[in-house]
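Please look over the sequence and the structure below before reading on. The text after them goes from the whole chain to single residues.

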Amino acid sequence: MDLLDYAFMQRALLAAVLVGVTAPAIGIYLVQRRQALMGDGIGHVAMTGVGLGFLLSASPVWTASAVSVLGAVLMELIRRYGRTRGDIALAMLFYGGMAGGVMFINLAPGGSNANLTSYLFGSLSTVSPSDVTAICLLAGFVVLVTLGLRRQLFAVSQDEEFARVTGLPVRALNLLTAVTAAVTVTVAMRVVGLLLVSALMVVPVAAAQQLSRSFAATFAIAVAIGVSVTIGGTVTSYYQDVPPGATIVLLAIAAFVALTALAAPLGRRRARAAAAAHPAEALAERAIPAARGPHGKAGV
């Protein structure tokens, strides 16, 4: 493949693989917690970090990571203690993050809104060696947390009260989930973009859930889908000269639609197989409604 002859494409493909692994890995916990749009909010806050990086002549990936982590912690605290005005506080945080990014980048020497485009929607040619180093380190942290603490994070995501009763540090695990989501956003912003990263956290997980209900299988399938669409989108972007972030997200949505269409006949086939394996139970289930009257009472 001629694209591997170019150093910038080698960096882009490596970053794409890391994004494909990390985004669904943390996304599965956000989906379980019904916080599917958390990544979108963190992406807005991360814009301030990107602008700050340009203003301070520092790496935007690291400054965005720091600001995103701070924003994610504030989001978690608002979620827990915000009560009735929590939604207003979150809105101010999100829009303030966007405004701060635009302001800082325009105050930077030679900065303009055009510099934000590659961070908002992803860009293959601008992934630098220093970006790859930062992405590798941050991705390693995400994988370590999502796999090493998978049992604890899953328990908290399913039922906080039960997890608290069992002795798990629920507050610390919630904060760790928020921080890991923030780190994932900065890992993905060079490939997918800040405005589209939330889709890569959620859509592969939703697609995987069409085929499996177990956590381990859903996790594995979601990561496989994530890696497939990020590599496919990156390669397509190179050959067709289309935006990488949009291409990756559209491929993820296409995978969701395809797996949803495939899941229906598979579900019917499994039901028939289960009925064939336990014919007596199936006959009993069919006989129960026939033995009841129109109002659910037993017939005479």
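Predicted model: local features only at pLDDT ≥ 70, side-chain atom pairs only at ≥ 80, totals over all residues.

Residues are numbered from 1 along each chain as its sequence is written, and side-chain values use heavy atoms, with hydrogens and water left out.

The protein has 13 helices and zero strands. Both kinds of element are DSSP runs numbered from the N terminus: helices are H or I runs of at least four residues, and strands are E runs of at least two. Of its 300 residues, 43% count as buried. Buried means under 20% relative accessible area, exposed means over 50%, and partly exposed lies in between, with a 1.4 Å probe and protein chains only. The protein exposes about 14,700 Å², and carbon and sulfur atoms supply 67% of this area. Accessible areas come from the Shrake-Rupley method with a 1.4 Å probe, and for residues only the protein chains shown count as cover. Contact means heavy atoms within 4.5 Å. Among contacts between residues at least 6 apart in sequence, 74% join residues at least 24 apart.

How many salt bridges does a search of the whole structure find? There are three. A salt bridge is a side-chain nitrogen of Lys or Arg within 4 Å of a carboxyl oxygen of Asp or Glu.

One of them joins the side chains of glutamate 76 and arginine 33, at 3.6 Å from N to O. This pair links distant parts of the chain: glutamate 76 is in helix α3 (residues 60-81), and arginine 33 is in the loop between α1 (7-32) and α2 (38-55), 43 residues apart. Are these two residues buried or exposed? Glutamate 76 is buried, because its relative accessible area is 3%, and arginine 33 also counts as buried, at 13%.

Another salt bridge is formed by aspartate 131 and arginine 190, whose closest N and O atoms are 3.1 Å apart. This pair, too, links distant parts of the chain: aspartate 131 belongs to helix α6 (residues 129-148), arginine 190 to the loop between α9 (170-188) and α10 (197-208), and 59 residues separate them. Both aspartate 131 and arginine 190 are buried.

The remaining salt bridge is between arginine 164 and glutamate 161, with the closest N and O atoms 3.1 Å apart. Both residues lie in helix α8 (residues 160-165), three residues apart, which is about one turn of the helix. Arginine 164 is partly exposed, since its relative accessible area is 36%, and glutamate 161 is exposed, at 51%.

Return now to glutamate 76 in helix α3. Not counting residues up to four places away in sequence, glutamate 76 touches Arg33, Asn174, Leu175 and Ala178. Its partner in the salt bridge, arginine 33, also has a polar contact: the side chain of glutamine 35 meets the side chain of arginine 33 at 3.0 Å. A polar contact is a pair of N or O atoms within 3.5 Å; within protein, one must be able to donate a hydrogen and the other to accept it, and residues adjacent in sequence count only if both atoms are side-chain atoms. Glutamine 35 is in the loop between α1 and α2 and counts as buried, because its relative accessibility is 14%. Outside the four places on either side in sequence, glutamine 35 touches Leu30 and Arg79.

Helix α9 has 19 residues, and 15 of them are buried, so α9 is largely enclosed by the rest of the structure. The expected span of a helix is 1.5 Å times one less than its number of residues. For α9 this gives 27 Å, which agrees with the 27 Å between its end C-alpha atoms.

Alanine 155 lies in helix α7 (residues 150-158) and counts as partly exposed, at 22% relative accessibility. Leaving aside neighbours within four places in sequence, alanine 155 is in contact with Ala163 and Leu168. The C-alpha atoms of alanine 155 and glutamine 32 are separated by 10.0 Å, although the two residues are 123 residues apart along the chain.

Last comes the surface. Leu70, Leu74, Leu77 and Tyr81 make a nonpolar patch of about 370 Å². Patches are made of residues with over 30% relative accessible area and no salt bridge, where like charges are joined within 9 Å and nonpolar side chains (Val, Leu, Ile, Met, Phe, Trp, Tyr) within 5 Å. Tyrosine 81 is found in helix α3 and counts as partly exposed, at 45% relative accessibility.
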